[in-house]
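This report describes selected features of a single protein chain.

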Amino acid sequence: MTIKRVGLIGVGLMGHGIGKNILAKGYELTVMAHKNRAPVDDLIAKGAHERNNPMAIAKESDLVIICVTGSPQVEHIVHGEYGLINAVRPGLIIADCSTAEPDSTKRLASDVEAKGGHFVDTPMTRTPKEAAAGKLGLMTGGPEAVIAKIRPVLDCFADTIVHAGPVGSAHQLKLINNFLSICHAAVAAEAITVAAKAGVDMQALKDIVMAGGAASVMFGRLINVPLNDDDSAAQFAIRNARKDLRYYTNMTEQLPVTSFLAETAHQITVMADNMGYGDRFIPRLIDVLMQVNGVKK
């Protein structure tokens with residue numbers, strides 16, 4: 001069966017770009033609002049249809065893409081009242097672009113497969129800017145034949161697609177990737193805070209770090225905060241970083257593997273959330289550490 005009709009649940013910062021590019025490639029798109037009406041209304045103006053529950057989305061779709069916060073939300077979308085599971089039929093494919101717990105993903109896949117459908121994990125990397133440009137990075141987990149069937153749709157909004165293995169493996173890969181990114185951000189935030197308290201010139205810090213082995217994408221993004229008070233280069237909420245690190249440490253505990261650095265970074269995000277920074281972007285960890293250490297901006 002060729003995918004012609006796509007459903008999208010979770011039209012937020014990332015989901016809007018995904019939906020826009022799917023529509024631009026000629027697919028029929030049906031959406032369900034997540035929180036903000038504005039991106040939904042924009043997609044409707046571009047030709048999308050709207051339904052008010054997951055079951056209705058599934059009934060009108062060959063492929064349903066989920067793009068929400070994490071496992072509790074995904075589980076509710078599948079098994080809650082008017083959930084997707086009520087409309088699963090042979091051939092229906094559900095692709096979860098969220099960052100979720102691998103064990104939850106495997107359970108959901110088993111439930112969907114019992115009704116003849118397929119549930120695969122397709123978590124994302126990069127930012128809303130790349131989502132809008134159709135240049136996200138995707139990890140995929142699931143049977144290769146199923147991934148091949150939905151690949152033309154994934155190509156609408158991603159320019160890097162890596163097959164990680166069976167269902168759940170893409171979410172494992174995503175958690176490892178996010179652990180690295182968030183820990184790099186935490187390290188960069190501490191280094192920048194120390195530099196600020198020591199009176200180091202921030203442009204000099206950027207020039208030397210980015211020219212050597214200490215360079216990282218995250219440092220390059222976070223240094224814009226002290227230089228220009230600009231946090232737009234890493235539009236990822238601290239509360240989501242907190243959630244992702246907890247998912248990662250849950251995974252390491254189940255393996256089991258020690259995860260000292262992840263636990264430390266997680267506690268930094270917990271502190272930031274408790275201080276009222278949960279909805280701020282990850283570069284604002286600098287503001288948190290400066291506040292804790294009495295550094296004036």
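## Asp121 and its surroundings

Beyond residues up to four places away in sequence, Asp121 touches Asp96, Thr105, Met139, Thr140, Gly141, Gly142, Pro166, Val167, Gly168, Ser169, Ala170 and His171. The model from which these contacts are computed is a predicted one. Asp121 belongs to strand 6, which comprises residues 118–121. Its relative accessibility is 0%, so Asp121 counts as buried.

One of the residues that Asp121 touches is Ala170. Along the chain, Asp121 and Ala170 are 49 residues apart, yet their C-alpha atoms are separated by 5.9 Å. A polar atom of the Asp121 side chain lies 3.0 Å from the backbone nitrogen of Ala170.

## Two buried loop residues

Thr122 lies in the loop between strand 6 and strand 7. With 0% relative accessibility, Thr122 is classed as buried. Apart from neighbours within four places in sequence, the contacts of Thr122 are Ala95, Asp96, Cys97, Leu138, Met139, Thr140 and Leu154. Asp96, Met139 and Thr140 are among the residues in contact with Thr122, and they are also among those that Asp121 touches.

Gly70 is placed in the loop between strand 4 (63–66) and helix 4 (71–79). A relative accessible area of 0% makes Gly70 buried. Once neighbours within four places in sequence are set aside, Gly70 is in contact with Thr99, Lys243 and Tyr247. The C-alpha atoms of Gly70 and Glu130 are separated by 21 Å, the two residues being 60 apart along the chain.

Gly199 follows helix 8 and has a positive phi, near 80°.

Helix 14 covers residues 285–292, and six of its eight residues are buried, so the helix is largely enclosed by the rest of the structure. The buried residues are Leu285, Ile286, Asp287, Val288, Leu289 and Met290. They pack against helix 8, helix 10, helix 11 (224–228), helix 12 and helix 13. After helix 14 comes Gly294, with a positive phi near 65°.

## The largest pocket

The largest pocket holds about 1,400 Å³ of space. Its lining consists of 44 residues, and those nearest its centre are Met14, Gln235, Phe236, Ala237 and Asn240. Two or more lining residues come from each of helix 1 (13–24), strand 7 (124–125), helix 8 (169–198), helix 10 (217–222) and helix 12 (238–254). Helix 8 gives the most, with seven residues.

By class, the lining of the largest pocket has 18 nonpolar, 18 polar and eight charged residues.

## The second largest pocket

The second largest pocket contains about 180 Å³ of space. Cys183, Ala186, Val187, Glu190, Leu261, Thr264, Ala265 and Ile268 form its lining. Helix 8 and helix 13 (260–277) are the elements that give two or more residues to this lining.

The lining of the second largest pocket divides into six nonpolar residues, one polar and one charged.

Definitions and conventions: Residues numbered from 1 in each chain as written. Predicted model: local features only at pLDDT ≥ 70, side-chain atom pairs only at ≥ 80, totals over all residues. Heavy atoms only, no water. 1 Å grid on protein atoms, 1.4 Å probe; cavity = no way out; pocket = protein on both sides within 12 Å on 5 of 7 lines; lining within 4 Å. Points joined across faces, edges and corners; volume = space filled by probe spheres on them. Helix = DSSP H or I, 4+ residues; strand = E, 2+ residues; numbered from the N terminus. Nonpolar A, V, L, I, M, F, W, Y, C, P; charged D, E, K, R; others polar. Buried < 20%, exposed > 50% of the residue type's maximum accessible area, 1.4 Å probe, protein only. Contact = heavy atoms within 4.5 Å. Polar contact = N/O pair within 3.5 Å; in protein donor to acceptor, adjacent residues only side chain to side chain.
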